[in-house]
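Biologist: I would like to learn how to read a structure like this one. Could you walk me through it, feature by feature?

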Amino acid sequence: MVTLKEIAEACGVSATTVSNVINGKAKTSEETRQRILEVIKETGYKPNIMAKGLRIKRSRTIALIAEDIAQFTSPAIIESIMETCEKMDYRVVVHNLRLYDRWQDTWYGRDDEYHSVIDPVIKDVMSAQVDGIIYVAGHARIIKTFNKTTELPVVMCYAYSESPMIPSVVIDDEQSAYEMVSYLIRHGHEKIGFVGGRIDNIHTAQRLMGYQKAVFEKGLLFDPKYIYYGDWSRKSGYEGAEKLVPQGVTALFGISDMMTGGIYDYLYEKGISIGKDISVVGFDNESISAFFRPQLTTTELPLREIGKKSAELLLDKLESHAKGELHNGDKPEVYKIPCKMVIRQSVCEKK
């Protein structure tokens, strides 16, 4: 492995000069700077991150705590976080809590089970001399794990923090649902069924708010009989369609593609043609949505953007503090990242 001293000797300069060039603090000629950079490139020299961290009391390591890396939202978020951190010369250590694999959806309100898993991980993270933490949730809710007494900077990803000192990065559920329902209304639909997830879920609540906002702005009456609450499963999508179609709806909004698969099942059984007799839209743009027939109009989650923004918030704060600068990240906010509609063949004009 090439050392910094060897780079300096090859260039005929001091090790300090090489270090300054690497850290962007060079007080040398452009010719010397370019020669150093060329030698670094030729030799494949990599700075000793751990040694550098010891000198400045930073490890340039980020702890990423994921509730479950198997959740369909997690891989893209985690990849984006790691990519962003690596570009800034930070390592990422991933801790997978496996909450959904352990207990499916039965752990949400069971603090003892949750803390039996998260507490040892936090203890390990705190003893590992990392610079900060990014917590990647499996679904949006208010998380109370971290607060103002937490010793390290934290960013909450795909969920909300109870602490006003911790920034949160989430999808814009309300606006995205508003745009989808407005799209249906522009196609002449006034009786729109809403097939939601759990009634106490933040995603469900905010997507319903978007639905209501679109209906209100178009001068339509909100009718509770067009609302159904399920449990995010394909079966509950089937049951939602079974309840709402007899009410005379001309369009169905399944707020997850998984539930929308159940809507398709019901309509197929009843001989109702999607995209001709009735319109159906979903949410999430999971890979399965492109294989529905007809292909499903849905909403794509900005997962990579959420990961990138979460990493940028934490790294920007770490870099600013290292330079002794004040930073607006000291006044955390909730950052809502917009989704994007994916128009396919499952929507028709109301006859």
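**Salt bridges, strands and a packed helix**

Modeller: Gladly! Let us start with a pair: glutamate 239 and lysine 235 form a salt bridge, their closest N and O atoms being 2.4 Å apart. A salt bridge here is a side-chain nitrogen of Lys or Arg within 4 Å of a carboxyl oxygen of Asp or Glu. Before we go on, this is a predicted model, where local features need pLDDT of at least 70 and side-chain atom pairs count only at pLDDT 80 or more, while totals for chains, interfaces and linings use all residues. Residues are numbered from 1 along each chain as its sequence is written, and side-chain values use heavy atoms, with hydrogens and water left out.

Biologist: Where do glutamate 239 and lysine 235 lie?

Modeller: Both are in helix H10 (residues 234–244), 4 residues apart, which is about one turn of the helix. Helices (H or I, at least four residues) and strands (E, at least two) are DSSP runs, numbered from the N terminus.

Biologist: Is lysine 235 buried or exposed?

Modeller: Buried means under 20% relative accessible area, exposed over 50%, and partly exposed in between, with a 1.4 Å probe and protein chains only. Lysine 235 has 58% relative accessibility, so it counts as exposed. Glutamate 239, with 27%, is partly exposed.

Biologist: How many salt bridges are there by this rule?

Modeller: The count comes to 11. One of them joins arginine 141 to glutamate 67, with 2.4 Å between the closest N and O atoms. That pair links distant parts of the chain, 74 residues apart: arginine 141 is in the loop between strand S3 (132–136) and strand S4 (142–143), and glutamate 67 is in the loop between strand S1 (61–66) and helix H5 (74–87). Arginine 141 and glutamate 67 are both buried.

Biologist: Which residues are linked in a network of salt bridges?

Modeller: Glu83, Lys87 and Arg304. Within it, the side chains of arginine 304 and glutamate 83 meet at 2.4 Å, N to O. Arginine 304 lies in helix H12 (residues 303–322) and glutamate 83 in helix H5, so this pair ties together parts 221 residues apart in sequence. Arginine 304 is partly exposed at 38% relative accessibility, and glutamate 83 is partly exposed at 31%.

Biologist: Now sheets, please. What order do the strands of the open sheet have?

Modeller: Strands of a sheet pair through backbone hydrogen bonds, either parallel or antiparallel. Two strands count as paired if DSSP finds at least two bridges between them. Here, an open sheet of 4 strands has the order S9-S8-S10-S11, with parallel pairing. Strand S9 (227–229) and strand S11 (279–281) are at the edges with a single partner strand each, so one side of each has no neighbour in the sheet. Strand S8 (residues 192–196) and strand S10 (residues 251–254) are joined by 4 bridges, and isoleucine 192 stands opposite alanine 251 in S10.

Biologist: Which strands does H10 lie across?

Modeller: H10 lies across S8, S9 and S10, at about 155 degrees to S9. For such angles, axes are lines fitted to C-alpha atoms, for helices over the stretch in contact (heavy atoms within 4.5 Å), and angles run from 0 to 180 degrees between N-to-C directions.

Biologist: Which residues of H10 are buried?

Modeller: Ser236, Gly237, Gly240, Ala241 and Leu244.
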